[in-house]
Structures are given as structure tokens and as C-alpha cells.
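Trainee: Before we discuss this model, could you put it on the screen and take me through it by question and answer?

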Amino acid sequence: MSSGAPDKTSCTVSFQTFDSYGNSTSFVNSNYMGFGTGIVPPGLGFTLQNRGAGFNFEPGGVNEYKGGKRPYHTIIPAMVTENGAFKASISNMGGFMQPQGHLQLMVNLFKHNMNAQEAVDVPRFCIRDGTFGGMVCLEPGYGEEEELKAMGHKIGEGSRSLFGRAQVILKKENGVLEGGSDGRSDGSAG
């Protein structure tokens, strides 16, 4: 895998923290669609988010624009606990890839027992539009392409940014903290 570079189209920021008191944070913020709404509150110097773009005008639809509703979005900071004890904080930026990336991180960490950096680095798949029956894009090195085709999946390619940008803090059984940060982007773990 080559070194990371900021994605010029990205509008999302994520970080994970863990302090000496055992407190942890998983944070994701996105203004959506580049400059969000393009509206800058007077005197504040930042743009307002544009998650309202997830609404539609389909009567009765789950994302119908009307009072009391919230739009679909994929802002998913995550904290993993077991019996109330901290196990990990994770995030995976990248639109429809976010829930898919979370699942892949969890499987890598807790089923395949990868360390934090391995779980972040391993090649990923992404169902491009996030829907059942959508095109499955495979990162180079993922493998299993023929098996997926045999099951009837449409296989495609995607740019590096399609597969998201993840960060992980994992607490090992011995209490040691491991950090993992995605080489697909410009983050770091330390």
C-alpha cells in the first residue's frame, strides 16, 4: 500500500482519544458535500453542515422531508465495550462505506484477532451505493473475486477513497493500548 494523501473531496474529520483516566472519545464530524450548505454564520468562520440533502420528497418514504424527521446520514463514531469495560473506539469515514467499514474493522479486530493497525490496513470491499444488490468494489489484494462472481455479485473497481479512512484505539487484555490509523488518508496514531 502506498502512503496516504488527503482526499481533496473529503468533508469529514474523525479522531479517537484515550486519556490517563480511562476516558475515550470516538468523534466524527462532516459538513457533507464539500462546503456543506455554503452558509457561514456571521462572525464564526465555518460552514453549516448539509445533511438535509439526505431528505427526499417521496410521500411516505423513510427519508421524506417533513417535520419531526431526521435525514439519513452515515456519521457513525463507535465505542466498543464488553461488560461495561472499554475495548475499542473506531471510526471509518467515507459515505456509504462507513457502516461497511465498521463491520469489517470489528470482524478484523475481534474475529481475526488483528492488531489495530492490521485491522485498518487490510484490503476492504465496498458496496458502492450501500444497497442490496449493489456493485461490490474490491480493494487491490482483497481476493475472493471469483467466489463473489459465482454467487451472482457484480464486481467493480473503486478509487482509493471509496474504501474509507479508518482510525482505531484497541485496548488489549493486558491493558496496553494500540492505535491504528489509515494509510489511505493523512491521519496518524501515536
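**Salt bridges, strands and a helix**

Mentor: Aspartate 182 and arginine 184 are both buried, where buried means under 20% relative accessible area, exposed over 50% and partly exposed in between, computed with a 1.4 Å probe on protein chains only. This is a predicted model, in which local features need pLDDT of at least 70 and side-chain atom pairs count only at pLDDT 80 or more, while totals for chains, interfaces and linings use all residues. Residues are numbered from 1 along each chain as its sequence is written, and side-chain values use heavy atoms, with hydrogens and water left out.

Trainee: Which residues do salt bridges that share partners join into one network?

Mentor: A salt bridge here is a side-chain nitrogen of Lys or Arg within 4 Å of a carboxyl oxygen of Asp or Glu. The side chains of aspartate 182 and arginine 184 meet in such a bridge, at 2.7 Å from N to O. Through shared partners, one network is formed by Arg124, Glu139, Asp182 and Arg184.

Trainee: How many residues apart are glutamate 139 and arginine 184?

Mentor: The side chains of glutamate 139 and arginine 184 form a salt bridge at 2.8 Å, N to O. This pair links distant parts of the chain, since glutamate 139 lies in the loop between β6 (136–138) and α3 (145–150) and arginine 184 in the segment after β9, the separation being 45 residues. Helices (H or I, at least four residues) and strands (E, at least two) are DSSP runs, numbered from the N terminus.

Trainee: Is glutamate 146 buried or exposed?

Mentor: Glutamate 146 forms a salt bridge with lysine 149, with the closest N and O atoms 4.0 Å apart. Both residues lie in helix α3, three residues apart, about one turn of the helix. Lysine 149 counts as partly exposed because its relative accessibility is 40%. With a relative accessible area of 56%, glutamate 146 is exposed.

Trainee: Why does isoleucine 90 count as buried?

Mentor: Isoleucine 90 is placed in strand β4 (residues 85–93). Leaving aside residues up to four places away in sequence, its contacts (heavy atoms within 4.5 Å) include Ile76, His102, Leu105, Leu109 and Val168. Isoleucine 90 counts as buried because its relative accessibility is 1%.

Trainee: In β9, which residue is the bridge partner of glutamine 167?

Mentor: Strands pair if DSSP finds at least two bridges between them, and β4 and β8 do so in the antiparallel sense over six bridges. Six of the seven residues of strand β8 (residues 165–171) are buried, so this strand is largely enclosed by the rest of the structure. Within β8, glutamine 167 is the bridge partner of serine 91. In β9, the partner of glutamine 167 is serine 181.

Trainee: Which elements are included in what covers the buried residues of α1?

Mentor: Helix α1 (residues 97–110) has 14 residues and reaches 20 Å from its first C-alpha to its last, close to the 20 Å expected at 1.5 Å a residue, the expected span being 1.5 Å times one less than the number of residues. Among its buried residues are His102, Leu105 and Leu109. The cover over the buried residues of α1 includes β3 (78–82), β4, α2 (116–121), β5 (125–127) and β8.

Trainee: Which residue in the turn between β1 and β2 has a positive phi?

Mentor: Strand β1 (residues 12–18) and strand β2 (residues 24–30) pair in the antiparallel sense over seven bridges. The two form a hairpin with five residues between them, and the residue in the turn with a positive phi, of about 90 degrees, is glycine 22.
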